[in-house]
Amino acid sequence: GVGAARAGNLTFMVGGVEQEFDAAKELLTCMGSNIVYCGEVGTGQAAKICNNMLLAISMIGTAETMNLGIRF
């Protein structure tokens, strides 16, 4: 989020040629504290999508639990 971006605590999940990742890593560390190389082109985006899906599932479960708790 915005707070993490301002604090320089973003996480980057990067896919692509490893030599290019190594060259870009120094720049990414200016914006984030967790820089993860995920493999070939597209794997960083796939990791981000999985992370977002897991977060959404967790939020849905929490909302459903709260809704059930309010009813009883």
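My entries start with the ground rules and then go from the fold to the overall form.

**Ground rules.** I am working with a predicted model, where local features need pLDDT of at least 70, side-chain atom pairs count only at pLDDT 80 or more, and totals for chains, interfaces and linings use all residues. Residues are numbered from 1 along each chain as its sequence is written, and side-chain values use heavy atoms, with hydrogens and water left out.

**Elements.** I found three helices and two strands in the chain; these are DSSP runs numbered from the N terminus (helices H or I, at least four residues; strands E, at least two). Read from the N terminus, their order is α-β-α-β-α.

**Strand pairing.** Strand S1 (residues 10–15) and strand S2 (residues 32–39) run parallel and are joined by six bridges; DSSP must find at least two bridges for strands to pair. I looked up Val 14 and found its bridge partner in S2 to be Tyr 37. Between S1 and S2 the chain passes through helix H2 (residues 18–28), making a right-handed β-α-β crossover (clockwise from first strand over helix to second, with the strands pointing away from the viewer).

**Overall form.** The C-alpha trace spans about 55 × 25 × 10 Å along its principal axes.
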